[in-house]
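Subject: Structure handover, with notes on the ligand and pockets

Hi,

Here is the structure we talked about. Please open it alongside this email; my notes follow below.

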Amino acid sequence: MLNDKVAIVTGAASGIGRAIALSYAGAGARVVVSDTDTAGGEETVALVRRAGGDAIFAAADVSVPGDCSGLVERTVGAYGRLDIACNNAGIGGELAPTADYPLDAWNRVIAVNLSGVFHCMRSQIRAMLKGGGGAIVNMASILGTVGFANAPAYTAAKHGVLGLTKAAAQEYAAQGIRINAVGPAFIHTPMIERLESDPAALAALVAMHPIGRLGRPEEVAALVTWLSSPAASFATGAYYPIDGGYLAR
Ligand code: NAP
């Protein structure tokens, strides 16, 4: 499905990003695994190679514009082009009501979860224009369309990712670049370990999903891989929840 394609995945040392890197490689793409966590990133590369795929690691902090342009340069240097990017890196941030939300936590969540997607897309789009097109998938969340108490920065950043996705998709659709966003509900990853460690909190979380369980990273990766592939050739500027029925309540 992705044979001969070159893909970047940010935040690919862990959780959903690792599953996306494995899924892309399994579909035939050459994958640049990127993260601030070098050990975890190298582990993802090893997993891809063990499964018979092709991947390299490139460190980048998505909140640093120069890291994002450097990541795209490294990709084009290694593989000659860029066809696919999944802007997945993100952090949960503090949990606190808006009036008490620490300013530094607000700034960090917006810098990574929203500005990080912007910095990455700027360089990715330039490279894709040179290559004649491409596909970008931005990792939003169910909290890109609904609110979650005590997560004002995260909720605002993910709503922003949807807006950015829609604006950019219109700008580049005619030049062959498709840009979409996906919105997972709660997925078993290190990000939500804090919430999962309290049995009562975990039960309350599960109850928000009519399907009766949290999601698995592979289930999100399957959607991202489809959106990144030629099979999704008419899909652009849209938001795709993958949420066990969370938004249907
Ligand atoms: P995760 O397991 O914590 O993985 C996120 C990865 O991103 C980590 O390896 C993390 O490194 C890395 N990262 C953090 N800040 C970064 C930065 N500035 N630059 C580059 N990499 C950075 O989380 P996940 O659950 O897989 O989340 C992946 C994405 O899915 C996020 O955008 C998240 O908001 C979104 N999402 C998750 C859920 C969920 O329930 N898990 C639901 C909806 C959406 P460190 O570990 O070193 O910080």
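The lining of the largest pocket divides into 23 nonpolar, 13 polar and 6 charged residues. Keep in mind throughout that this is a predicted model.

**Largest pocket**

The space in the largest pocket comes to about 820 Å³. Its lining has 42 residues, and the closest to the pocket centre are Gly-90, Ile-91, Gly-92, Tyr-154 and Met-191. Which elements each supply at least two residues of this lining? They are α1, β2 (30–35), α4, α5 and α6 (193–196). The largest share, 3 residues, comes from α1.

**Ligand**

Where does the ligand sit? The largest pocket holds it. The elements giving two or more residues to the shell around the ligand are α1 (15–26), α4 (103–131) and α5 (152–172).

The ligand is surrounded by 30 residues. Ser-14, Asp-35, Asn-88, Tyr-154 and Thr-189 are the closest. Tyr-154 is also listed among the residues closest to the centre of the largest pocket. By class, the shell splits into 17 nonpolar, 8 polar and 5 charged residues.

- Thr-189: a polar side-chain atom is 2.5 Å from an oxygen atom of the ligand.
- Ser-14: the distance from a polar side-chain atom to a ligand oxygen is 2.6 Å.
- Asp-35: a polar side-chain atom lies 2.7 Å from an oxygen of the ligand.

Now the surface. On its own the ligand exposes 890 Å², and the protein buries 87% of that area.

**Second largest pocket**

What is the volume of the second largest pocket? It is about 220 Å³. Its lining has 13 residues, and those closest to the centre are Val-72, Val-76, Ser-123, Ala-127 and Lys-130.

Two helices, α3 (65–79) and α4, each supply at least two residues of this lining. Of the elements, α4 gives the most, with 6 residues. α4 also supplies at least two residues of the lining of the largest pocket. By class, the lining of the second largest pocket has 5 nonpolar, 4 polar and 4 charged residues.

Over to you.

Best wishes

Note on methods:
Residues are numbered from 1 along each chain as its sequence is written. This is a predicted model: local features need pLDDT of at least 70, side-chain atom pairs count only at pLDDT 80 or more; totals for chains, interfaces and linings use all residues. Side-chain values use heavy atoms; hydrogens and water are left out. A residue is near a molecule or strand if one of its heavy atoms lies within 4 Å of it. A polar contact is a pair of N or O atoms within 3.5 Å; within protein, one must be able to donate a hydrogen and the other to accept it, and residues adjacent in sequence count only if both atoms are side-chain atoms. Accessible areas come from the Shrake-Rupley method with a 1.4 Å probe; for residues, only the protein chains shown count as cover. On a 1 Å grid over the protein atoms alone, a cavity is a set of points where a 1.4 Å probe fits but cannot get out, and a pocket is an open set with protein on both sides within 12 Å along at least five of seven lines; lining residues have an atom within 4 Å of a point. A molecule sits in a cavity or pocket if more than half of its atoms lie within 2 Å of its grid points. Helices (H or I, at least four residues) and strands (E, at least two) are DSSP runs, numbered from the N terminus. Ala, Val, Leu, Ile, Met, Phe, Trp, Tyr, Cys and Pro count as nonpolar, Asp, Glu, Lys and Arg as charged, and the others, Gly among them, as polar. Grid points are joined across faces, edges and corners, and a volume is the space filled by probe spheres set on the points.
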